[in-house]
Amino acid sequence: MESSGTTRRQATRQRLYEAAVILIAEQGFSATTVDEIAERAGVAKGTVYYNFKSKTELFEELLRHGVGLLTASLRAAAEESEERGGTRVEALDAMIRAGLAFIDRYPAFTQLYVAELWRTNRAWQSTLLVVRQEAVAVVEDVLREAVRSGELSEEIDIPLTAAALVGMVLVAALDWQAFQPERSIDEVHSALSLLLHGRVSGH
């Protein structure tokens, strides 16, 4: 069992992550200071350095933490679908919904993650690529099983298709949040579901 000290430290880290993600999403990494993160989190500046060696390490851990949550929610959605006896394509559909729900819950983190993916000169680029691959790998596994079971064509390029599905969910969800916030998650999910099932062409 975890000691109360460990639990308290995790709660502090969670507060720091939440403060950092909002500030960095608002004003960028360079402009955000450790003082501001501490102030927003309601802790002393020393607490930030007690938990993280530097602002860069805090950000790296934040990316790891956030994408880890996303990966876990995608995996859980696929497993739940399988337990209900669903097809692999239904599991992919469930993962799309789980991705949308994650982004709806953590919009600032998602904006930050998408922005950082395209920057190449960052200290955390390698961490970002590792965590991105972990999330995409969950989708790849289900696609591989769908091909194996004959639900999907053997012609599909699994790494590219997995990346395309993850990208579709990320960009569609950010578009929903920024430009079409009046839509419900059900509407966004059903639009993406049609794309997944290849029914957009009307056949």
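## Phe52 and Tyr17

Phe52 is buried, with a relative accessible area of 1%; buried means under 20% relative accessible area, exposed over 50%, and partly exposed in between, with a 1.4 Å probe and protein chains only. Tyr17 is also buried, at 7%. The model is a predicted one, in which local features need pLDDT of at least 70 and side-chain atom pairs count only at pLDDT 80 or more, while totals for chains, interfaces and linings use all residues. Residues are numbered from 1 along each chain as its sequence is written, and side-chain values use heavy atoms, with hydrogens and water left out.

A search of the whole structure finds seven aromatic pairs. Rings of Phe, Tyr and Trp (its six-membered ring) pair if their centres lie within 6.5 Å; planes under 30 degrees apart count as stacked, over 60 as edge-to-face and the rest as tilted. The ring centres of Tyr17 and Phe52 are 5.8 Å apart and the planes stand at 50°, so this pair is tilted. Tyr17 belongs to helix 1 (residues 4-27) and Phe52 to the loop between helix 3 (45-51) and helix 4, so the pair links distant parts of the chain, 35 residues apart.

## Other ring pairs

Phe59 and Trp124 have ring centres 4.4 Å apart and planes at 65°, which makes the pair edge-to-face. Phe59 lies in helix 4 and Trp124 in the loop between helix 6 and helix 7, so the pair ties together parts 65 residues apart in sequence. Phe59 is buried at 0% relative accessibility, and Trp124 is buried at 2%.

Ring pairs also join Phe102, Tyr106, Phe109 and Tyr113 into a cluster.

## The chain as a whole

The chain has nine helices and zero strands. Helices (H or I, at least four residues) and strands (E, at least two) are DSSP runs, numbered from the N terminus. Along its principal axes the C-alpha trace spans about 60 × 40 × 30 Å. Of the 203 residues, 40% count as buried.

Contact means heavy atoms within 4.5 Å. Among contacts with a separation of 6 or more, 65% are between residues 24 or more positions apart.

## Helix 5

Helix 5 covers residues 88-105, and its 18 residues should span 26 Å at 1.5 Å a residue; the expected span is 1.5 Å times one less than the number of residues. The C-alpha atoms at its ends are 26 Å apart, which agrees.

The buried residues of helix 5 include Val89, Leu92, Met95, Ile96, Leu100, Phe102 and Ile103. The buried residues of this helix pack against helix 4 (55-83), helix 6 (107-117), helix 7 (125-148), helix 8 (158-179) and helix 9 (185-196).

## Helix 9

His189 is found in helix 9 and is buried, at 12% relative accessibility. Leaving aside neighbours within four places in sequence, His189 is in contact with Asp93, Ile96, Arg97 and Leu100.

Leu194 also lies in helix 9, but counts as partly exposed at 37% relative accessibility. The C-alpha atoms of Leu194 and Thr56 are separated by 40 Å, and these residues are 138 residues apart along the chain.

## Cavities

On a 1 Å grid over the protein atoms alone, a cavity is a set of points where a 1.4 Å probe fits but cannot get out, and lining residues have an atom within 4 Å of a point. Grid points are joined across faces, edges and corners, and a volume is the space filled by probe spheres set on the points. There are two cavities of 30 Å³ or more.

The largest cavity has a volume of about 150 Å³. It is lined by 13 residues, and the closest to its centre are Leu74, Met95, Leu165, Val166 and Val169. Helix 4, helix 5 and helix 8 each supply at least two lining residues, and helix 5 gives the most, with five. The lining has twelve nonpolar, one polar and no charged residues. Here Ala, Val, Leu, Ile, Met, Phe, Trp, Tyr, Cys and Pro count as nonpolar, Asp, Glu, Lys and Arg as charged, and the others, Gly among them, as polar.

## The second cavity

The second largest cavity holds about 30 Å³ of space. Its lining consists of Val67, Leu70, Phe102, Phe109, Thr110, Tyr113 and Leu170. Helix 4 and helix 6 are the elements that give two or more residues to this lining, with helix 6 giving the most, three. By class, the lining of the second largest cavity has six nonpolar, one polar and no charged residues.

Definitions and conventions: 1 Å grid on protein atoms, 1.4 Å probe; cavity = no way out; pocket = protein on both sides within 12 Å on 5 of 7 lines; lining within 4 Å.
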